[in-house]
Amino acid sequence: SRLRSGRSGGRPRRKLATITEQRVLKAGIRVLHEKLAEPLGDSISVLPTKADGSQCIHQTSFYTRLLSDQVELKSLMETDVAAAQVDLRYLSSEQLLNIRSRTLDFLTESCRHGSHNNFLTSVEKYLFEKLVHRCVAPGTDLRERSALVHALGLKLALVLGAVATLKTGWGTVEGGDEDSVPPVPDWWLISLDDGWENRCVALFNTEDLRLELPTGLTPHLQSFTGGARVAAICDRSNGVGKDRALHWEIYALDPATDDVYDEIAKFNRRRPQAQSLDASTLAAVFAQRRASVDLPPRREPVDLAPCREVRGNLGQKKFIETPLDSKCNLDSTASGSDSGSSSPREDEGAANAPAK
C-alpha cells in the first residue's frame, strides 16, 4: 500500500503527490460519468430540441452514432468532426461526460488529428462550465465570466479524482499516523479565483455532488455542512500542461473548533509564488551565467551604413573601373573624340584579327 506515515510535523494531514494532474482528472471524469451519465442508459443519445420541438443540432447523425457508442471518435473523418464541433454547446453535461469518458486515452499530437484535438478541447470547455450549473444549489445567481466558472468546474473534477485516488491507497500521511488523521470528509472547501463577485470559497459535497457558493468573505460554513468536517487543500502543484504534477496536502478541519479561514490564509502563504524579475535583474542573471560558463564577450554591433552607401554608389555605375580600364578609357576618349574611332574592345579585336 502507498499509504504510509510521514515524518513531518504540524497538524496531521494527507498528502497526494508524485502523480500527474491529468491522471487525477481522468479519475474524476470517470466518477462523474458513473454518477451522472450511466444512470440515463440509452436515453443519453436523445438529442436536445428547441421549444417548438425542432432540432437545434445540425449534425444529428454524427451525435446519435457517437452517443449510442456505434462509432469511436478517432475513427471519424476530420471534416465531420470539425463540422460537428459547433453543436457541442447544445449538449447536456451528461452527454458531454459520455463523450469525454470514452476518449480519455485519446492523446495525439499528430497534425492529422488536429480537428479531433480541437473537438475534445471544446468538450472539456463546455463540460466543466455545465458541471457547475448542474451541481450548484437551485436559485444561485451565476453571472461570473465563463472562464471563472470553467476553472471551478475543473476543480470539482479534480476533487472527485483525488477522493477516488486516495481510496485506491495512493498518498501519504504527514504529521502523524493513520489513526491520528480523520477520514476524508464528504465536504470539500475550494478557494475561488479572483474575480468572483462577493464570493471567496465554494463548498462541494463529493457524495451527492452538491455545490454551495456562499456569499461574503467569511461565510458561516456550519449552516451549509450541518456541522460536519470540511477538507481544505494546501495546493503546491507545479508544472504546466500534461506534465503538471499534482501536490495536495489535505486537512480535515472542524468549522466548530478550527479557524478555517486562518488555515486557508496559511496555505496561501505557503504556496510557491512565481518571481518577477525586472530588466536590470535579468541582465545581471544572464551576465552571471555567461561568466560561469566562460563564454566569449559579446561582440559590439558593426555599423553597416558606410557599406550600404558604397554599395549604393557602385550600383549606379555600369561597371567597376580598374586602373587599366581607366587608362584605356582616357586614351580612347582623347583620340576618338574627334575622329570617331571605335571602342577599345573593337580596337583590340582588330589588332588580334589575322592579316589578309
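## Aromatic pairs and a helix contact

Tyr63 counts as buried at 0% relative accessibility, where buried means under 20% relative accessible area with a 1.4 Å probe and protein chains only. Phe62 is buried too, with a relative accessible area of 5%. The model is predicted, so local features need pLDDT of at least 70 and side-chain atom pairs pLDDT 80 or more, while totals for chains, interfaces and linings use all residues. Residues are numbered from 1 along each chain as its sequence is written, and side-chain values use heavy atoms, without hydrogens and water.

The structure holds three aromatic pairs. Rings of Phe, Tyr and Trp (its six-membered ring) pair if their centres lie within 6.5 Å; planes under 30 degrees apart are stacked, over 60 edge-to-face and the rest tilted. Two of the pairs are listed here.

| Pair | Centre to centre | Angle of planes | Class |
|---|---|---|---|
| Phe62 and Tyr63 | 5.0 Å | 80° | edge-to-face |
| Trp188 and Trp248 | 6.4 Å | 45° | tilted |

Trp188 lies in strand β3 (residues 187–191) and Trp248 in strand β7 (residues 245–253), so their pair ties together parts 60 residues apart in sequence. Both Trp188 and Trp248 are buried. Ring pairs also link Phe62, Tyr63 and Phe119 into a cluster.

Strands (E, at least two residues) and helices (H or I, at least four) are DSSP runs, numbered from the N terminus. Helix α1 (residues 21–37) and helix α4 (residues 93–101) have axes that come within 9 Å and cross at roughly 135°. Axes are lines fitted to C-alpha atoms, for helices over the stretch in contact, with angles from 0 to 180 degrees between N-to-C directions.

Definitions and conventions. Buried means under 20% relative accessible area, exposed over 50%, partly exposed in between (1.4 Å probe, protein chains only).
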